Structures are given as structure tokens and as C-alpha cells.
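Here are a few exercises to work through with the model open beside you. Try each task before reading its solution.

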Amino acid sequence: MQFSRLPQLARVARGKLQQRAFATPAAAATPSAASLAAICPPYTKLVANLAEAQRVLGSSKGLTLAEKILYSHLDNAEEALGGLGGNVRGKANLKLKVDRVAMQDASAQMALLQFMTCGLPKTAVPASIHCDHMIVGERGADVDLPKSIEGNKEVFDFLESAAKKYGIQFWAPGSGIIHQIVLENYAAPGLMMLGTDSHTPNAGGLGAIAIGVGGADAVDALVDAPWELKAPKILGVRLEGQLNGWATPKDVILHLAGKLTVRGGTGYIIEYHGPGVETLSATGMGTICNMGAEVGATTSLFPMTPSTISYLNATRRGPIAEAAQEVNAKHNFLRADSSAEYDEVITINMSELEPYINGPFTPDLSTPLSGFKAAVKENEWPEKLSAGLIGSCTNSSYQDMLRAEHLVKQAEAAGLKPKVGFFVTPGSEQIRATLERDQTLSVFEKAGGTVLANACGPCIGQWKRTDDVTKGDTNAIFTSYNRNFRSRNDGNAETMNFLTSPEIVTSMIYAGTTTFNPMTDSIPTPNGPFKFSPPTGPELPAAGFERGNLAWTPGAVEPSPETKVVVDPASDRLALLEPFEPFPDSELTGLRVLFKVKGKCTTDHISAAGAWLKYKGHLENIANNTLIGAVNAETGETNVAYDIDGTASGIPELARKWKAAGTPWLVVAETNYGEGSAREHAALQPRYLGGRIILTKSFARIHETNLKKQGVVPLTFANEADYDRIQACDEVSTVGLLDMLKSGGKGEVFLEVKSREGGETFRIPVKHTMSKDQCGFVLAGSALNLLSKKA
């Protein structure tokens, strides 16, 4: 089935995107009262819900902002909070009714395929689809966007037709990155939303509880089922002082990541408070919340501040700003109570903060700029810079770009040109159009910069490099992105991505070296040494935001039941889902350890992105990348697994062989397994290939939940030393697992392990975090199996 809008957009995209006259005056695109009402949080209802939750708690104890928003979205306060004596954090299972769902194009495919099996005529809550992940960055938006639209036409047609049928807003390719669009259009103080992307917490910059989830979790909300969350603990980050000079909001979270590590936020919501929050821009707060995902936090958020109100007004949401101010004045709903207590508190004095550079290969390896030169030499990192990239969902605000422009103008005035490739990614069409009007893009292009499409691009692996760096070449790039795992950006495991602010990236491209410190160092020029002045830039555009090409934005939507959503049975991009088989009415026996993983194993290792994104809607095909980035704990090899007879193969190949032979399997891994993306394929693929258990030292939150949703049992070692006792191909049986599942999570579970050599047999205790509902998912075969029966 073909929809006329995408071919039209491809033709428009060919028409010299960056020069087009699509700018639309901001006043001409003011949302209607009806559309504003549809996106405004239901404050009256939420305040009433919170009052009921406080009655159940029976305590005058102050609440944090996070607790207020969570409790105001409870489906049943008595059921969730009763009988706990106020001891909720880390104990209660909260069943929540969310306000909104947002899905990016790569994950939306599987989410919609799951939703379609429920047979409902429309979604139960407002939802949106954002086409941002499948657009390759190479030569610039003019070339890249039409090429990507044509190359992904089948998928975009599927998404648009499903959106039309079920009443979902469809943001077309070129409209921008999901998190920037959500911030500009949907996020609001007190909102609770789910997003099928780990950086959904970006909306916390406007005071929303926004949580990254897998597609199956999103389907909960889409079918009006309560979404379950173990009540998080609350980590308070007190901000004092004020950023100055080269320090930026990005440095707050880069510094915090170094303190917490990639695991330190697991099980917590990070709530920022203190006098320093009043000094930050709304988009700066969004940047900080965005990267909370890198420390494993459930989400992050800020209270409502004057910057929140200014941003809502600037993005044509004045009535929402007024409603938020009114409810806060009457009920103190959008700020923490003065007597609120945090489980832990970290204080950051922003007046003393300097720029940070994090990496390579992990976002928590944090080095202050003043010490980075020494770190480069000590670790023998490349001193030559190969590229600088700014933008992405983390750092593509107007303020970010204007501060980078200020540095480019300084360098241009001194007669300098970038010494390496410079790539700029506007976060949305609104940002792009505003930057075009204000001549910022022309400044970047005059300097030799390549303006990429309004999409994720290189940040999530959609980068086709045109320089002389080839696969296997060790090289360093500086980016303003949020994640930097091996192979993530360009498919080259030897590309070292150093995360920092757009300002530091921009200064570095003129030096061409990773050891340059713009705060202290000068660059030689024919007219003498040149030294950058600290960057400056306005928080918001004085002339307001331009909307740009309104053809890429959705209007009001109503479900269109007559619309056909066609999936070609012969397609290699899309395939309808078949239900997984239910859990057997017995213990699991005869399992084999498919693979024992060594070290970091992120969702990028379990289900790679990049070129594989095109198969996101086809489980059979994308399963071919299962665990191909995982390192063998016994041999050190990547994606090399050994069968019982010693035959070597790729991990997915061995999994398919065992599945065909009727041999169920498990994976053994180390800490924070599944960190990174909200990619539910990292759970779907092992399940599809016959995996029944993942046994680790610890899990990342989103991935652990995704496994449960797909009927895979996530277990952790009660004694981490037992990791060393289990080897690949060992035979495993469960003891107590069936009883635990049938009793709703109660009871002990053990694993009986028989050595692959047929010798030693031993029993190890394991732990789990299964709730009653999650036990039901596993017994039914998947959460979707249960939802389909109820729909």
C-alpha cells in the first residue's frame, strides 16, 4: 500500500533542503485550543489522585516531585501503597496509567506489530511515531534524506498507515529527533509518558516523568492496561552556584556519570533541586535528564522554573504554562515539598565546574578538560582528531547551536578553518528552520561544516563516513552525543568517541588534536597566536521559533478504521508476529549454556543497530545479529561460540541449531547486562531463538523488564563467584522456578549445573525480581499473549 505523502516528501527533500523557503512564521502555526487541551496534563484529576495517595499513605511526610507525579498516576492507590507503612521506595509495585506514548521508527515497528495483535480500533492514550532512526548521515541533508526515504519506503509506509488507522500522530522523516520533538510539543510539568527509546527522560527537563521502555511496555499503555514499575528510590542532586565560562549543562551530567558509573543510578529516579536549578535553561535541563540513561536511572527530572515557563511560551504552549503555574500555586504540585527526603544526595557546585570529556567506549569514564591531555598520553589515545560532530537529541537546542556558532565566528575572524570533518545535526525541523533564518547554518556551512538531516544519524550508527578512516583504523572523534560504545557510531570498533559539550567539540575541530584545551591553549595563525573567548549564546531566539516545513508535522488525528495496514508476506523488512509458546507445566530441564559473556554486554552487543536497523520489523532476520558483539569469556573471541563437540560457529548460528534440535538454552553474563538502549529486540531475539533464561551478576533496568515481557526469565547470582563455576555447554536444570512463577514471585530458585565434561554436578542459588504480574507474563509465554486474550 502506498501513501502519497512520503514520495512527495522525498521530492521536496531533493529540492535543496537547506536553501528552501519553508519557514513559517511562528504566529501562523499557533496550536488550536483543542490540540492544546489534548496535550495538557489533566491537572485537576492528578491533584485529586495525589490526595487519595496521601490519604492511603496516612502520613504528613513530605513528598519529592517524582513521588507526586508517580502517585498521581496510580491506577489504584490503595492496592499500590496500602499496608506498607509509608515504606514505598524499592518495595511497592506501582501500577500506573500514563498520559502519552512516543515511539521512534525503529522500535515502533515491533511495538505496532504487537499492538495489532490485540485487535483494538485505536490507542487508549495519545501516541506519536517519529521517523528519526533510519536516516543515514553521509553527505548532508539534501542528499541523505531523500535517499533514506526511498530506501526505507516500505517501513515508512507501514508506520504511516498504522498511524492513520489507529489515530497516532505521525512525524515524517525529516521532522526531527523524537526527544527534541517531544520537548517542543508534548512535554509538560507533571506529565507522565513512556517512550520506546532509552533517552525518553529528556522530557524531564520540563518537569515530566518520562521513562524509556521496550515496545511491549508501550503496548500496555496503548491498550489501557496499567504499566508496572517497582517504586524507585530517589537520588537527589542538589545544584548550587551557576555555570560560567566554558562550563555547560552537559558537564553537569558528564561529571555526575563519572561519580555514579553506568550502574549507579539503577533503581533510582534522579531528582534535581537546589538554587542552581533556577539558573539553567529548559533545554539545558533536558540535556542533563537525557543522559541520566547512561547511569542506569529510571528517569530524571527538574522542578518547574521560570525557564520552564519561558520555553513553554516560546513553543506556543502558553495556556499549558498558565495551567501549570496555577496548579502549582494552589497545590505545590510541581515542586518537591520542603520536607521531602531523598535516599541519597549528591551536591554539585556549578560555579566550580569545568568542562568534562567522557570516554572512550563508556560514558562514565569522566575526565576534566584540565586533565585530558595527560589522560591522552597516559592511555595512548590518539592525539590526532578525525572528526567533530555536534547536535543529536542531547545537544541540538538553539542555545547549543548559537554558542557553537559564536566559536566558529571567532575562528573565522582569525582566519582559521576546521582541520577535520565537522558535522552538524539539527534536532528538529523547528530548530533547523530557526537556525536557517538566523544565518547560523550558513555560518557552519561557510566554515566547511556538513549539515545533516534532522535525525539521529551518526549518534545511533547511521553514519557512512566519507573520510579516509576505514574499518579497523584506530581514530578519535569528539561528539556532543550521549553514548559511545564500541562500533556504535560508524561500525568501527576502533573508533574512540569522546563525549563532551558542543562547545568543546567545536573548538577542537580547529586545533585538530585531542590534547587541545581551549580554556588555556592558543592556535598559531599568520597573525599570531589565537585563543578562543568563552562561548556565549541566547537561551531562546529573540524572533521566536520558526516551524519550518509543516508538511512534515502531523495535524489533528482521528482513527481511520478503513485504512489497511499491509505487511507483504514476502518482505524481508516486516513480518507479522507469531505468539511464543507458554511456559511448560514443569521445571526447565536439559538447558545448555549457549554462551558465557565476558565484560560489558550492552544492548548494542546483544542486538546491534546501524545497518541492522532495517530489519527491526522482521524478527526472523534481525535475529541473525543476536549477541554478535559479545566476547567469549573462555577464549576472548567475539561472536564465536562452541558446540558440545567443539565445533565453532557464530552465536546466532549455534542458537538456531540448538533451537532446531529442541535444546533450550541460557546465557551467562557479568554486570549491568543489557545497559544502553531500550531495544526490546535484545530480549525478543534470544526468546525467538530458544533462549529461556539469562543469568547475570546484575541487569540494566529496561532490559531486565523487556526479558520478562517476552517470557525470558532474568536471574542473578546470589553469589557472584558462581559465575566462575559455569562454562559454555554446561547442562542446567531449574529447581523451584515453576513454583516461584505459580506463586507470584514467592519462593527460592536454584540451578542444577552439570559440567559439560559430564563430571561435577552442583547447585547454585539465584535471585530474581519477578512481580506477580511478571510471573504471569512468563507463564503465558509473553506479556503480549496475556494482553491479546484480554483485548
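**Exercise 1.** In this predicted model, find how many bridges join strand 19 (residues 591-596) to strand 25 (residues 731-735), and which way the two strands run.

*Solution.* Start from Leu591, whose bridge partner in strand 25 is Val732. In total, two bridges join strand 19 to strand 25, and the pair runs antiparallel. Now widen the view: seven strands close into a barrel, in the order 19-22-23-24-27-26-25, with mixed pairing. From one strand to the next, the twist averages 40 degrees.

**Exercise 2.** Work out whether helix 3 and helix 4 are roughly parallel or roughly perpendicular to each other, and list the residues that meet.

*Solution.* Begin with the geometry: helix 3 (residues 43-57) and helix 4 (residues 65-72) pack at an angle of about 100 degrees, and their axes are 8 Å apart. Angles of 65 to 115 degrees count as roughly perpendicular, so helix 3 and helix 4 are roughly perpendicular to each other. Next, look at the contact. Helix 3 brings Leu46, Asn49, Leu50, Ala53 and Leu57, which meet Lys68, Tyr71 and Ser72 of helix 4. Sorted by type, the residues of this contact are five nonpolar, two polar and one charged.

Technical notes: Residues are numbered from 1 along each chain as its sequence is written. This is a predicted model: local features need pLDDT of at least 70, side-chain atom pairs count only at pLDDT 80 or more; totals for chains, interfaces and linings use all residues. Side-chain values use heavy atoms; hydrogens and water are left out. Axes are lines fitted to C-alpha atoms, for helices over the stretch in contact, and angles run from 0 to 180 degrees between N-to-C directions. Helices (H or I, at least four residues) and strands (E, at least two) are DSSP runs, numbered from the N terminus. Angles under 35 degrees count as roughly parallel, over 145 as roughly antiparallel, 65 to 115 as roughly perpendicular and the rest as oblique. Contact means heavy atoms within 4.5 Å. Ala, Val, Leu, Ile, Met, Phe, Trp, Tyr, Cys and Pro count as nonpolar, Asp, Glu, Lys and Arg as charged, and the others, Gly among them, as polar. Two strands pair if DSSP finds at least two bridges between them.
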